[in-house]
Amino acid sequence: MYKKIILLFVIFNSIYAQGSELKIALMEAPLLTESKNSSGLGYGIISDIIKNACNYGGLEYSPVFYPLKRAGVKFENDDIPFILGVVGKKPVDSEKSEDNYLYLPCYKVISSFYYYKPNWNRKNRYKEYSDLKDIRIGIPRGLHLKKTFEEAGIIVEEYNNPEFATKMLISGRIELLFQIDFIQINIINNKYKKYKDNFNKLKHIYSKSVLGLIYKSNNKIAAVAADKFHDGLLKIVENGKYMEILKRYYSPEKVPQHHADFLQNLLRK
């Protein structure tokens, strides 16, 4: 009896010790997740949130950067226990159901359809994706909404680099550009400041989603790290560190209200 108890104790301690690292597959995304501090602000708003949550949760933060599809393969092969993705949606190209995964919400995003006024000759009366039928739209490669857009009759063109996609929009190669507001507004302000008034977005149609950590429901070691991460995330929300990160990237007076609402929801859970 005592041997069984000791064995269980050893197994539990082994799992807890192994769950001291948060190894996560990330994809390069400007100002969100970056392998280099190219902006001078940090390694991206999501990277900084994850890193700080790890610090306060007692975890070693170990990001590994891959292209989207390779990141998915590494995750599915159990080479990496965590991957960044959309909460509630399975990783790209996964044949398993959403029930096989667990999610840790980190950051809320709003994505909009941007157009370039000199090239735009349509009326802005769009309220549903189906209203955008036969319009050529640039979307980030691997976007979880790709199938939804295609079923609505939208002509989809995938891109890897949002700055190049903005050039596609200006040149008229695409009529609309679907992008996270935070990313696109920064590109316009930093790269096209002289022409910022030429950019606009559809007002009545957009997408809200939450990005977070995804891990497999049968991975016990990842579950331990996930608990520690969640504790650390709540700590940086409560002590104001999370909001400090947002203010550094947005500037204090420009943090969108949806972030405050998201943080309140995190604390209620």
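**Phe199 and the aromatic pairs**

User: What is Phe199 in contact with, leaving aside neighbours within four places in sequence?

Analyst: Tyr115, Tyr116, Lys117, Thr166, Leu169, Ile170, Ile188 and Tyr192. Contact means heavy atoms within 4.5 Å. This is a predicted model: local features need pLDDT of at least 70, side-chain atom pairs count only at pLDDT 80 or more, and totals for chains, interfaces and linings use all residues. Residues are numbered from 1 along each chain as its sequence is written, and side-chain values use heavy atoms, with hydrogens and water left out.

User: Why is Phe199 called buried?

Analyst: Its relative accessible area is 8%. Buried means under 20%, exposed over 50%, partly exposed in between (1.4 Å probe, protein chains only). Phe199 is therefore buried.

User: What makes the pair of Phe113 and Phe178 tilted?

Analyst: Rings of Phe, Tyr and Trp (its six-membered ring) pair if their centres lie within 6.5 Å; planes under 30 degrees apart count as stacked, over 60 as edge-to-face and the rest as tilted. Here the centres are 4.7 Å apart and the planes at 50°, so the pair is tilted.

User: How do you know that Phe113 is buried?

Analyst: Its relative accessible area is 0%, so Phe113 counts as buried. For Phe178 the value is 2%, so Phe178 is buried too.

User: What makes Lys216 sit over the ring of Phe75?

Analyst: The rule asks for NZ of Lys or CZ of Arg within 6 Å of the ring centre and within 35 degrees of the ring normal. The charged end of Lys216 lies 5.6 Å from the centre of the Phe75 ring and sits over it.
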